[in-house]
Structures are given as C-alpha cells and as structure tokens.
Amino acid sequence: MQHAMTNVVILCGGLGNRLRPVVQDRPKPMALINGRPFLDLVVDHVLSYGLRRIVFCTGHHGDWIAQHVSRRTDCEAIISQEQTPLGTAGALRACGSLLTTPTILVLNGDSLCRIDLHAFLTAHHNRQAVATMAVIPSNGRTDAGGVTMDACGRIRTFQEKQSGSFLNAGIYAVQRHLIDDIPDSAPCSLERDIFPQLTDGRLYGYACTVPLYDIGTPARLAAFEALEKDSTKHHYITSLSQ
C-alpha cells in the first residue's frame with residue numbers, strides 16, 4: 001500500500017478538564033468505552049489502513065498511555081512526553097526528531113472520524129498541499145473549527161469554535177517542513193495559531209460525510225459508549241443470523 005510507510009502522530013496531551021467529573025485518574029483518550037480505552041478505537045482505525053509507525057504525544061497522566069500502547073504488538077508505538085502543556089502544534093513540533101517521512105498523518109486521541117485514510121492522503125499528495133484537513137458538513141455545529149472552502153477545495157477561512165459551512169474533523173496531513181517551522185518559544189496551537197495562517201492557498205479541505213465523535217464532555221462520552229454498545233450488539237446479532 002502506497003501510504004503504509006507514512007508516520008502517524010496521535011495527540012493525547014490535553015488536560016480533559018470538562019471530562020474530569022467522570023474521568024479523574026487517567027488522560028482523556030484512556031476513557032473506557034465498554035471496557036476498552038477510546039484511544040484503542042483511534043489506533044484500530046489507523047492500523048486498518050496498514051499504517052504502523054505511531055508517535056503518541058502525551059502530557060497529563062502520559063504514563064497511562066505509554067504503559068497501555070507498549071503492550072500492543074500490531075504497531076510501532078513511540079512516546080513523546082511533554083513536561084509542560086505545549087498545545088497541539090507545540091506537541092507536534094516537540095516530536096519532530098522522531099518523524100521519518102515527508103508527510104505526517106495527525107489525529108486527535110479524543111475524537112474519532114472513520115474516514116478513508118488512503119483516499120485522504122492521496123488527495124493531499126495530488127494537490128501538493130502543505131496541509132490538508134478532513135472536514136464534515138457543520139450542520140449548525142460550532143464546537144470545533146468552522147471552515148469555508150473555495151471551489152478548488154482550498155480552505156479560505158478557519159476559525160476555532162466558530163460557524164462555517166464545514167467543521168474540522170480533527171484529522172490532518174501535514175508536510176514535515178511545516179512542523180519544522182512551528183515556533184519553539186512558547187505553547188502553540190494548530191487550530192488557533194498555525195492553520196489560520198495557511199488560508200492563503202496552502203491549506204486544503206477534504207470533505208467527507210463520515211460521523212465525527214468526540215468524548216470531550218461526560219454527555220458525549222456516555223452517548224458514544226451507548227452508540228458503540230448498540231453497534232456491537234447489532235453486529236453480534238447479524239453474525240448469528242448468517
């Protein structure tokens with residue numbers, strides 16, 4: 001598979017303050033979904049496309065993630081532990097020495113959008129983009145970055161927690177030189193500091209209609225767990241009937 005060697009970065013360093021009423025002793029991506037860490041679902045999605053080398057950017061309670069992923073034998077799990085909060089761009093910059101491919105696939109450890117990662121990377125390469133962002137129709141949501149695109153798929157406006165025709169789905173393909181150019185003097189956010197500067201034609205959107213799930217609040221965590229339980233039950237009943 002042509003994209004199988006692409007390095008993957010999963011951002012897991014958030015504090016998860018809104019989730020603390022129900023998840024207090026572990027980082028947000030380790031919140032359990034029917035007995036299994038949410039992070040495993042993100043990793044499984046990556047592995048299903050043949051991608052194997054994954055850098056986990058950890059922060060708050062990062063030892064939980066390091067211990068958990070070290071038990072996996074189906075991927076090369078590498079830990080980049082931040083000592084102080086660096087932001088999403090800062091965490092990506094900090095793991096730069098661990099990256100070995102010119103294109104990097106970046107995902108959030110607390111959200112899941114099961115897009116076709118091969119098609120996503122192919123679109124990124126065909127456009128020769130500096131960065132590509134997976135986006136979904138906003139349908140009025142403003143809980144992520146609001147995006148508008150031109151007819152060629154270039155993102156022309158991107159504003160965190162604002163309305164737009166599309167919504168940031170939290171999956172990015174970025175060229176290595178962009179990571180190298182991220183300032184290292186202070187914490188830095190991809191969504192607030194880096195991507196808005198690329199709306200001059202260097203940032204593209206990849207539109208898809210796959211559902212976006214995140215576990216940022218107790219209500220969303222509970223809703224996603226219920227959805228996954230129903231999906232597993234349906235799959236089990238279907239398999240019995242075949």
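In which loop is Gln-128 found?

A: Gln-128 is found in the loop between α4 (117–126) and β8 (131–137); helices (H or I, at least four residues) and strands (E, at least two) are DSSP runs numbered from the N terminus. The model is predicted, so local features need pLDDT of at least 70 and side-chain atom pairs pLDDT 80 or more, while totals for chains, interfaces and linings use all residues. Residues are numbered from 1 along each chain as its sequence is written, and side-chain values use heavy atoms, without hydrogens and water.

Gln-128 has a positive phi near 50° although it is a residue other than glycine. Its relative accessible area is 73%, so Gln-128 is exposed (exposed is over 50%, buried under 20%, partly exposed in between, with a 1.4 Å probe and protein chains only).

Asn-34 also has a positive phi, of about 55°, and is not a glycine. Asn-34 sits in the loop between β2 (32–33) and β3 (36–37). With a relative accessible area of 35%, Asn-34 is partly exposed. Asn-34 is in contact with Glu-228 (heavy atoms within 4.5 Å). Glu-228 belongs to helix α7 (residues 218–241) and counts as buried, at 13% relative accessibility. Neighbours within four places in sequence aside, Glu-228 also touches Ile-33, Leu-41 and Arg-114.

A glycine with positive phi lies in the hairpin of β9 and β10: Gly-153, near 90°, in a hairpin with 5 residues between the strands. Strand β9 (residues 146–149) runs antiparallel to strand β10 (residues 155–159), joined by 4 bridges (pairing needs at least two DSSP bridges). Met-149 has Ile-155 as its bridge partner in β10. β9 also pairs with β11, again in the antiparallel sense, over 2 bridges, and Val-147 stands opposite Phe-166 in β11.

β11 leads on to the largest pocket, where it gives the most to the lining, with 4 residues. A pocket is an open set of points on a 1 Å grid over the protein atoms alone, where a 1.4 Å probe fits, with protein on both sides within 12 Å along at least five of seven lines; lining residues have an atom within 4 Å of a point. The largest pocket holds about 1,100 Å³ of space, the volume filled by probe spheres set on the points. Of its 36 lining residues, Lys-28, Thr-88, Asn-108, Asp-110 and Lys-161 lie nearest its centre. β1 (7–12), α3 (87–94), β11 (166–175) and α6 (190–194) are the elements that give two or more residues to this lining. By class the lining has 11 nonpolar, 13 polar and 12 charged residues (nonpolar: Ala, Val, Leu, Ile, Met, Phe, Trp, Tyr, Cys, Pro; charged: Asp, Glu, Lys, Arg; polar: the others, Gly among them).

α3 has Ala-89, Gly-90, Ala-91, Leu-92 and Arg-93 as its buried residues. These buried residues pack against β1, β4 (53–58), β6 (103–108), β11, α5 and α6.

α5 (176–180) and α6 each supply at least two residues to the lining of the second largest pocket, which contains about 160 Å³ of space. Among the residues lining the second largest pocket are Val-130, His-177, Leu-178, Asp-193, Ile-194 and Arg-202. This lining divides into 7 nonpolar, 2 polar and 3 charged residues.
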